[in-house]
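Thank you for making time this morning.

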Amino acid sequence: MARDVMTLVEDSSDLEGNYLYTNGPKHAISLAYEEASKADVIIAVGGDGTCNEVINGLGKYKGAMPKFAVIPTGSGNDFFSVLPTLTPEEFISRILNNSFQVIDLGKVGFKNKDAYFLNVADIGFGAKVVELLNKQRKKGLGGKLSYVIAILRTFFLHKKAHIEIQGDNFEFKGKFLMVAFCNGSTFGHGLVINPDARIDSNKLNLTVIGDVSIFAYILNLSRLKKGGHINHSKVHYFETESATIKIIGEKQWMEGDGEILGANTHTVSILANAIKLIC
């Protein structure tokens with residue numbers, strides 16, 4: 001699709017586009033920030049990680065944010081999976097007609113910085129998978145096989161910690177396997193971690209997987225793939241606009257859209273109606 005869209009842009013007398021190429025990890029952040037004041041639309045060509053970098057670049061920009069679009073070329077494309085599928089001609093028509101959907105953006109507050117996510121951010125098991133996956137990629141191991149290996153390694157290496165979460169109308173305290181903060185519903189190559197999450201709901205949906213065993217998590221993977229809720233006494237679903245977090249015990253990383261965002265998360269919130277998405 002990317003090549004077809006580029007061809008249509010070049011052939012159109014009503015559109016003018018620049019093609020910018022990244023030269024390494026995190027480069028898309030600076031590119032998006034630099035182009036934010038110049039462009040009407042910024043298109044991320046890549047997977048969830050590329051989208052995350054572009055959004056973090058736009059999040060740093062203090063002026064009016066340009067419209068955002070995605071051409072999926074990644075291996076997972078979980079954020080794109082919840083969007084309508086467009087032909088290249090329909091995609092260009094949306095841009096020309098200024099047709100867009102207003103969606104929300106997730107924001108993570110650390111002690112010394114903020115970070116953003118389009119789709120899902122999580123603390124615990126999922127973030128450990130991403131951490132190991134990144135290390136494997138640096139050693140030349142990529143693709144779906146690398147993802148499976150990272151999951152298997154996480155089963156043995158991940159250590160649970162105690163978390164305290166305070167939301168608008170709830171409080172959770174206890175040992176946990178994973179907590180997912182959801183703007184979108186799907187992550188991890190097609191796992192519907194929160195069926196209730198919608199990218200335009202103005203709410204943050206939480207899936208808290210408490211002190212459950214790895215075996216219990218595996219047993220419920222098929223339910224996640226089908227888009228169902230997990231029926232377990234230590235799995236909880238909450239809704240909020242913001243939440244404060246305190247981790248006690250083993251250090252826990254947070255990932256967002258498949259990218260490590262940092263550790264020692266302090267707050268997570270939803271920025272309602274933050275993005276004009278071409279879709």
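Predicted model: local features only at pLDDT ≥ 70, side-chain atom pairs only at ≥ 80, totals over all residues.

Leaving aside its neighbours within four places in sequence, with which residues is Val268 in contact? If contact is taken as heavy atoms within 4.5 Å, Val268 is in contact with Lys107, Val108, Phe117, Phe181, Leu204, Ser242, Ala243, Ile245 and Met254.

Residues are numbered from 1 along each chain as its sequence is written, and side-chain values use heavy atoms, with hydrogens and water left out.

A nonpolar core is a set of buried Ala, Val, Leu, Ile, Met, Phe, Trp, Tyr and Cys residues joined through side-chain atoms within 4.5 Å, where buried means under 20% relative accessible area, exposed over 50%, and partly exposed in between, with a 1.4 Å probe and protein chains only. The largest such core has 24 residues, and Val268 is among the four that touch the most other members, together with Ile165, Phe181 and Met254. Elements giving two or more residues to this core include β4 (114–117), β8 (178–182) and β16 (267–277); strands here are DSSP runs of E with at least two residues, helices are runs of H or I with at least four, and both are numbered from the N terminus. In soluble globular proteins, nonpolar side chains tend to be buried together.

Next, the backbone. Most residues other than glycine have a negative phi. Asn98, however, has a positive phi of about 55°, and its place is in the loop between α4 (88–96) and β3 (101–109). Asp257 also has a positive phi of about 55°, and lies in the loop between β14 (253–256) and β15 (259–263). Are these two residues buried or exposed? Asn98 is partly exposed, at 41% relative accessible area, whereas Asp257 counts as buried, at 9%.

Now to the salt bridges, each being a side-chain nitrogen of Lys or Arg within 4 Å of a carboxyl oxygen of Asp or Glu. How many salt bridges does the structure hold? There are 7. One of them pairs Lys26 with Glu259, with the closest N and O atoms 3.7 Å apart. This pair links distant parts of the chain, since Lys26 is in the loop between α1 (2–11) and α2 (27–35), Glu259 is in strand β15, and they are 233 residues apart. Lys26 is partly exposed at 41% relative accessibility, while Glu259 is buried at 15%.

Another joins Lys135 and Glu131, at 3.5 Å between the closest N and O atoms. Both residues lie in helix α5 (residues 125–138), 4 residues apart, about one turn of the helix. Here too the lysine, Lys135, is partly exposed, at 45%, and the glutamate, Glu131, is buried, at 16%.

A third, between Lys203 and Glu241, has an N to O distance of 3.5 Å. Lys203 is in the loop between β10 (191–192) and β11, and Glu241 is in the loop between β12 (235–240) and β13, 38 residues apart. Lys203 is partly exposed at 26%, and Glu241 is partly exposed at 42%.
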